[in-house]
Amino acid sequence: MGKPTSRSDSKSKAERKFEKKIQFYERVGETIATLNAQKTITKKKLRRRKRDLKAFDLTALSEFLPGLKTPKQKTSDTELKVNCKSRLKFVLKETKQMGTVLNHPAFQADPLGAIHLHLESTQPVEETKKKKTNRNGSKKRKEKKSKATAKPSSMEM
């Protein structure tokens with residue numbers, strides 16, 4: 001079947017196997033080192049972005065502007081993160097709210113009417129589109145020319 005070879009000059013099977021393991025662990029170590037380096041680079045980039053965002057944050061100036069009043073809200077990173085615990089808390093809160101809505105007598109009497117009334121009270125009203133007007137304030141009219149009433153041009157004979 002195979003060519004008989006004498007491996008007296010080469011290393012034993014156990015030694016070759018051990019060398020392969022050492023090479024494998026070296027490659028794994030190199031890969032881990034490069035991944036750690038990439039991880040630190042991305043962390044630095046994230047820190048830099050946060051620092052830059054803080055530098056351009058002009059909310060402190062809003063107190064000096066006369067007509068601008070906005071409610072102050074914290075915009076921390078913990079509010080933006082959605083993890084299992086916060087998702088569960090949100091689901092429990094919404095389940096409780098849905099239960100109260102379903103048990104409300106106005107909703108039980110007329111569900112669509114109650115939803116409509118709620119949306120009218122919570123959503124802003126859209127402005128209706130105004131019709132186009134001329135400079136003098138009158139409404140634009142489109143005049144249609146009919147072919148039958150058109151006078152013959154001077155070139156016809």
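Local features require pLDDT of at least 70 and side-chain atom pairs count only at pLDDT 80 or more, whereas totals for chains, interfaces and linings use all residues. Residues are numbered from 1 along each chain as its sequence is written, and side-chain values use heavy atoms, with hydrogens and water left out.

**Figure 1. Overall fold of the predicted protein, with 5 helices and 0 strands.** Along the sequence the pattern reads α-α-α-α-α. Helices (H or I, at least four residues) and strands (E, at least two) are DSSP runs, numbered from the N terminus. Of the 157 residues, 1% count as buried (buried is under 20% relative accessible area, exposed over 50%, partly exposed in between; 1.4 Å probe, protein chains only). The protein exposes about 17,300 Å², of which carbon and sulfur atoms supply 59%. Accessible areas come from the Shrake-Rupley method with a 1.4 Å probe; for residues, only the protein chains shown count as cover.

**Figure 2. The second largest pocket, with about 290 Å³ of space.** A pocket is an open set of points on a 1 Å grid over the protein atoms alone, where a 1.4 Å probe fits, with protein on both sides within 12 Å along at least five of seven lines; lining residues have an atom within 4 Å of a point. Grid points are joined across faces, edges and corners, and the volume is the space filled by probe spheres set on the points. The lining consists of Gln-97, Val-101, His-104, Ala-106, Phe-107, Ala-114, Ile-115, Leu-117 and His-118. Helix 3 (84-103), helix 4 (105-109) and helix 5 (111-122) each contribute at least two lining residues, and helix 5 provides the largest share, 4 residues.

**Figure 3. The salt bridge between Glu-19 and Lys-11.** The N to O distance is 2.4 Å, and the count for the model is 1 salt bridge (a side-chain nitrogen of Lys or Arg within 4 Å of a carboxyl oxygen of Asp or Glu). Glu-19 is partly exposed at 34% relative accessibility; Lys-11 is also partly exposed, at 42%.
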